Amino acid sequence: MDSMYIENKQMISAIKHNKVKMDSTQYCEDSKTSSVFDALLLLDDQTVYEVLIASLHSRFKLDHEPSALLNAYFWPKYSAKDIPVNNHYFVEPDIVLEFESLTIIIEAKIGENGGQSKHQWINEFVTYIRENHPNASPVIMLALGGNWDLDSTETLHSREFLPDIPNRTCIVYPVSWFSLFLEVCKLQTQTRQEGRIKKYIIDAFKIFNIKNLAWLGTIPLCDSAKISKALDILQIPSDIIYTSDGGEQFKNIKIDSNLISKLI
C-alpha cells in the first residue's frame, strides 16, 4: 500500500481518536486543504477528476473528458514580477492539478462564507499561464469555500491583466466544501482498499467538522421554496412530497443543518 497513505492515515486516525490534539491555530485552510486533498489524491485519476467536477453546481457543464493526472502541486510558487501582491516575491495557489486535458487551479478558504477574492484568482491564473505557456492545457479554477454565491461563475482573460502573455481564458467555479464532501460520500467502491481510502477521506473531512449530518425532516422548516433552493444549490435531489394541507415531507435526504440554516 502507498506509504503516503499509511503515514497520513496514522495522523488522521490519531486525531480522530484523540491521541494527537490540534489546537485552534492548526485548524486553518492549509491544514484543511492538505488533509482532505492528500487523502483525495489517493483515488485513481479518473475518480479524482469526476469527484471534483461533480461537486460543482449541476448547471455548470464542462466539455472535458477525464484524463490522466500528470502532476499535483501543493502551494506552488510563481513569480510575482509585475503583480501587486503583499509579499512582493511570489503568488501561491493552494493546489494545481495538471490533467492531460485540463488544468485545475484550486484556491481554498477555511469556511464556506466569504474570503474568496477576484484579485487573488487573477494573480494565480496569470502567473500560472506566464510560467507554463506554451505547455499549459485549458485552465479552470475552483474557488473552494469562502463563496457568498454558489450560483454563478467568473470568467478571466489573461491579457486584460498582463498584456505581454498569451491570451487565455479561465472560468472560476465556486464550490463548497460540503458539496465536495457529499460527492465523496456518494462514491461506489469496488474493492476493500477503495473502501478504506473513502473512509479515510471522510475522516479527514470530519476532523474539520464537515460531518454535522441530520435528517432534513428533523430541521424546522418555514419556507419550502427556500429549502428547495438550498437543496438545488447543494446539488442534492430534493425528493419532496407535497401534501394536500400544504406541508411537505423530505425523505431519504441528509444535509448539514448548520449550512441549511445559513442558506435559508
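**Exercise 1. State which residues S67 touches, not counting residues up to four places away in sequence.**

Solution. S67 touches D45, F99, E100 and S101, where contact means heavy atoms within 4.5 Å. The model is predicted: local features need pLDDT of at least 70, side-chain atom pairs count only at pLDDT 80 or more, and totals for chains, interfaces and linings use all residues. Residues are numbered from 1 along each chain as its sequence is written, and side-chain values use heavy atoms, with hydrogens and water left out.

**Exercise 2. Locate S67 and decide whether S67 is buried or exposed.**

Solution. First, S67 lies in the loop between α3 and β1 (69-74); helices (H or I, at least four residues) and strands (E, at least two) are DSSP runs, numbered from the N terminus. Next, the relative accessible area of S67 is 14%. Buried means under 20% relative accessible area and exposed over 50%, with partly exposed in between (1.4 Å probe, protein chains only). S67 is therefore buried.

**Exercise 3. Identify the side chain with which the side chain of S67 makes a polar contact.**

Solution. The partner is the side chain of S101, at 2.9 Å. A polar contact is a pair of N or O atoms within 3.5 Å; within protein, one must be able to donate a hydrogen and the other to accept it, and residues adjacent in sequence count only if both atoms are side-chain atoms.

**Exercise 4. Describe the buried residues of helix α3 (residues 45-54) and their packing.**

Solution. The buried residues are T47, V48, Y49, V51, L52 and I53. They pack against α2 (29-40), β4 (95-99), β5 (103-108), β6 (139-144) and α5 (177-186).
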